[in-house]
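Please read it alongside the sequence and the structure.

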Amino acid sequence: MDAYLAGKDAPEGTPAHCLYIWIESLHDRMDLMVAQFTGGDWEHDYSLDSLRQLEEDLAELYATGDDTDAAALFMECLAGYLGEVLLAEGGGRWVWDESAGVAGLPAVEPDPVLGLESIVPLLLVGQAVYEKTENIFATVALRLRKAVTERRSEHRGWKPERVPTPWVRFDDLEESGVRWKLWPNERFHDYCTWWADRAGGGRERWDFGPDSLDALEELLRERLQTVQAYDKVATRRFWTVAAWYVGEYVVRRKDAYWQYRAPNPAAPPGTWYAEDSYWTGSVFVAQRLRYNGHAEHPAEMLRAVLEGESLRAVVDRFPDPVGRSGRRRRRRSGEPWPEVLWPLAAPAHLPPPLTPQQRDELAEELRELEADPALKDPELHDNPRLHAWLADRREAFADWAERADPAAGSAAAWDFSPESLDRLEALVRARFATGEEMEAAQDDWFLAGAAWYLGEVQVIHCGARWQLNPEPYDETRRDEPEVVEPGRDEDSEDGEEGGEYGDGEYGDDFDHDDYEYDEDEYDDDADGYGHVCVPAEHLRDLITRNDPGERLRDVLDGYRRGPVSDSG
């Protein structure tokens, strides 16, 4: 993050300051993208597949038809997302390209060792808008992946390095959760059930019309008179609903949205998402879909009234919606690139139109890139990192079995049966008394082998399969292998589910064909993944809960089909 903070105090308009502003704005752009420009099936994971989906839907997402700034904002959100995908593929960092656009644009500079030129995502978005080939984003991303793959083949163990972009993971976005949305929802409930009557006049008076603003101003001045008096009661429920009311008025009448910004614990003081920011930590209203939109905390709007302004004037800080004020923005005939973006990049700054031959060549290049097996997307259940982990565990199993339970003898005594989980449970309980002890020993040889064994029993008897992220998470998130029950809508590529190992590898002949998934056993709505178990976490929970009635083998009961006996 420090690499992007250099421009915080740089003079406004300098490349360093422009880059700082872009990086700070990315969190809100990604949050807006999830909130306004994607559907319920959207996976905000910065993957190549998600990029393909965005370009395929580009025409529909762009054609807002409302003469607002929504289309241009979508373009900038898309440019940010595209840039993050390119960084995930080729490493590197965001930079400010002074030669791009009118006066410079944010660009992605891949890992310098690749020797590639920087890429300006907004210009690629513009090209995709004009060309409508639905193959530009994927081609550029796969070119990066090919360059990385070729270098990896020459330098074993190398991986591209990147400067992490702060606060843009899906889990960091406010739209990834709904807890903050409870505040306006609860206030609406209060408004309906008691506030309107207690404020006087009921819901007929408090109808979100302009006259109700005068009524609220009158209520404020009668009951409180001064800012000091308001500050003493501002957090009381009656006045929080009053603040909600004026905010909801703006939402309904000014095309604003309720919004919340969670503070980033890693953000330095004075930055946009730091705990000391005016905008973090409480709900506010904002005209998110316009560049000249206003935003404000509702409580501050009421405070402004007691400082001398009329409530109507405070509300009018929010521009009227397009169409209601009589001002409409017209696109120039035949020009699909939003004019509000022209100060950044006019049509003349976009890549030149492709000739028919270039369009054919682009399509052929993408077909070749997609057909290259070395460039296939690594799957959670099929990637080098997972295969290496499984290989290590298989190789270490014989030693683990002898060390974990010397009395049982060799690995042959562990038959991967559901019943063998009772013996594993006894060993775990004897070794650890508390969850804290297990946390301290999370990298211990015993736990690593025990977690693998627990997962293998589920693979063999319940049709589960191992999964692990192709790349490690950052240090703030635990990253452990898991076993999952494939959903009924998931096609098997090889006709087998669950087994990755040859017959008799552990001393018994497990014929995985006997345990093939029967999709007809499941309900029609049972799509997506079924049961999910993180074996290491399950072992920790077993000790942490300290429930004498809980058995380790109970994990098998969570599968829709249940464990399959050796007799079938």
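Of the 568 residues of the protein, 48% count as buried, where buried means under 20% relative accessible area, exposed over 50% and partly exposed in between, with a 1.4 Å probe and protein chains only. This is a predicted model, in which local features need pLDDT of at least 70 and side-chain atom pairs count only at pLDDT 80 or more, while totals for chains, interfaces and linings use all residues. Residues are numbered from 1 along each chain as its sequence is written, and side-chain values use heavy atoms, with hydrogens and water left out.

**Overall make-up**

- The protein has 20 helices and 8 strands; helices (H or I, at least four residues) and strands (E, at least two) are DSSP runs numbered from the N terminus.
- Among contacts with a separation of 6 or more, 69% are between residues 24 or more positions apart; contact means heavy atoms within 4.5 Å.

**Aromatic pairs**

- There are 34 aromatic pairs in the structure. Rings of Phe, Tyr and Trp (its six-membered ring) pair if their centres lie within 6.5 Å; planes under 30 degrees apart count as stacked, over 60 as edge-to-face and the rest as tilted.
- W22 and W94 form an edge-to-face pair, with 5.4 Å centre to centre and 65 degrees between the planes. This pair links distant parts of the chain, 72 residues apart: W22 is in helix α2 (residues 15–36) and W94 in strand β1 (residues 93–97). Both W22 and W94 are buried.
- W180 and Y260 form a stacked pair, at 6.3 Å centre to centre and 15 degrees between the planes. The two residues are 80 residues apart, with W180 in the loop between α7 (136–154) and α8 (182–199) and Y260 in the loop between β3 (257–259) and β4 (284–286). W180 counts as buried because its relative accessibility is 13%, and Y260 is buried too, with a relative accessible area of 19%.
- One aromatic cluster is formed by F188, Y191, W195, W206, F208, F238, W239, W244 and Y245.

**Charges over rings**

- R252 lies over the face of F208, 3.9 Å from the ring centre. A charge sits over a ring if NZ of Lys or CZ of Arg is within 6 Å of the ring centre and within 35 degrees of the ring normal.
- R423 lies over the face of W414, at 4.1 Å from the ring centre.

**D31**

- D31 is found in helix α2 and counts as buried, at 1% relative accessibility.
- A polar atom of the D31 side chain lies 3.1 Å from the backbone nitrogen of E174.
- Not counting residues up to four places away in sequence, D31 touches L173, E174, E175 and R288.

**Second largest pocket**

- The second largest pocket has a volume of about 1,000 Å³. Its lining has 37 residues, of which I21, S25, R29, W272 and Y291 are the closest to its centre.
- At least two lining residues of the second largest pocket come from each of α2, α5 (70–90), β2 (105–109) and β4. The largest share of this lining, 8 residues, comes from α2.
- A pocket is an open set of points on a 1 Å grid over the protein atoms alone, where a 1.4 Å probe fits, with protein on both sides within 12 Å along at least five of seven lines; lining residues have an atom within 4 Å of a point. Grid points are joined across faces, edges and corners, and the volume is the space filled by probe spheres set on the points.

**Helix α13**

- Helix α13 (residues 298–306) has 7 of its 9 residues buried, so it is largely enclosed by the rest of the structure.
- The buried residues in α13 are P298, M301, L302, R303, A304, V305 and L306.

Note on methods. Polar contact = N/O pair within 3.5 Å; in protein donor to acceptor, adjacent residues only side chain to side chain.
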